[in-house]
Amino acid sequence: MRTRTLGKDLTVSAQGLGCMGMSEFYGDGDEEESIATIHRALELGVTLLDTADMYGPFTNEELVGRAIAGRRHQVVLATKFGNERAPDGTRIGVNGRPEYVRSACDASLRRLGVEHIDLYYQHRVDPETPIEDTVGAMAELVTAGKVGHLGLSEAAPATIRRAHAVHPITALQTEWSLWTRDPETNGVLDTVRELGIGFVAYSPLGRGFLSGAISKVEDLAENDFRRQNPRFQGENFAKNLELVDRVKEIAQAKGVSASQLALAWVLAQGDDVVPIPGTKRRSYLEENVGTDDVRLTDDELRRIDEVLPVGAAIGDRYGDMTPVHR
């Protein structure tokens, strides 16, 4: 697989692997298949693995830790803190206090079974704690050798600037796909490019919607969080399915799958962009990795923009958008 550089010097595979769904949110998981998927990803040249302490909660980091045991040298390991949850899954809130940053990092290191984290993100910005204090504590982790690079997730342009002034931010992670094009209009993309920060795009397949595999809400497991997502509800769902039909049509003409077209579009947005499609199955992983060979022409990119313009998707990304882009 091709590689790309986040920030000044963090080299990663052109696409990473989002591990969240292996433990929570997308129905029940299968640990054996999940670990096999991670191993297959490494075999195929995927180096960037993305997890967070709140996935599970905590169990996703443990799963990733078991999967990379003996393979640490092959992995650029990214995890996150800030969405604080109790062991029973109860959501406590967003926490960016310096003392929590330090304790969360130590806990993640233990669960992952590693001595350092390559890319450590603040998962959501804590409105009660100055970003300078949070990033200052994160910078101390770099000095201590526990963390290699710092990242932010779902931060607003002004917050990104303030954070970057304290310590270089290597990557900004937020949702970006054919049905979530907010970064192109809200200043986030312009800001990170001005500052030389890499862009990590999560949910590049629109939470699986753009794959074309979901035709009705009943296709999703009872415990799949997408059942509660505004874009999967009622009229929103029906209208968004029309977007998928357009993706399928263009993909068919290109001779690729809908997922591959959607991923190829994200990859075509710049060499500073690294999508992290999530999957817990080897078959989907291999399909996603096959996108490395797909190139979209200027005419194809124009056609995609015509049929899926900015703002085409109906409904908010989350039921509660208040923690996003603070």
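Which residue forms a salt bridge with Asp272, and how far apart are the closest N and O atoms? The partner of Asp272 is Arg193, with the closest N and O atoms 2.8 Å apart. This is a predicted model, in which local features need pLDDT of at least 70 and side-chain atom pairs count only at pLDDT 80 or more, while totals for chains, interfaces and linings use all residues. Residues are numbered from 1 along each chain as its sequence is written, and side-chain values use heavy atoms, with hydrogens and water left out.

**Salt bridges**

- The whole structure contains 27 salt bridges, each defined as a side-chain nitrogen of Lys or Arg within 4 Å of a carboxyl oxygen of Asp or Glu.
- Helices (H or I, at least four residues) and strands (E, at least two) are DSSP runs, numbered from the N terminus.
- Arg193 is partly exposed, at 35% relative accessible area; buried means under 20%, exposed over 50%, and partly exposed in between (1.4 Å probe, protein chains only).
- Arg2 and Asp292 are joined by a salt bridge of 3.0 Å, N to O. Because Arg2 lies in the segment before strand E1 (3-6) and Asp292 in the loop between helix H9 (282-289) and helix H10 (298-307), the pair ties together parts that are 290 residues apart in sequence.
- Within that pair, Arg2 is partly exposed at 29% relative accessible area, whereas Asp292 is buried at 12%.
- A further salt bridge, 3.2 Å from N to O, connects Arg102 and Glu140. Arg102 belongs to helix H3 (residues 98-112) and Glu140 to helix H4 (residues 131-143), so parts 38 residues apart in sequence are tied together.
- Arg102 is partly exposed at 35%, and Glu140 is partly exposed at 44%.
- A network of salt bridges links Glu154, Glu175, Asp182, Arg207 and Arg317.

**Nonpolar cores**

- The largest nonpolar core has 79 residues, and those with the most contacts inside it are Leu17, Ile38, Leu172 and Phe199. Such a core is a set of buried Ala, Val, Leu, Ile, Met, Phe, Trp, Tyr and Cys residues joined through side-chain atoms within 4.5 Å.
- H8 gives the most to this core, with 7 residues.
- Phe199 has contacts (heavy atoms within 4.5 Å) with residues including Leu6, Leu172, Trp176, Asp272 and Val274, not counting residues up to four places away in sequence.
- A second, separate core has 15 residues, among them Leu10, Val200, Ile276 and Val324.
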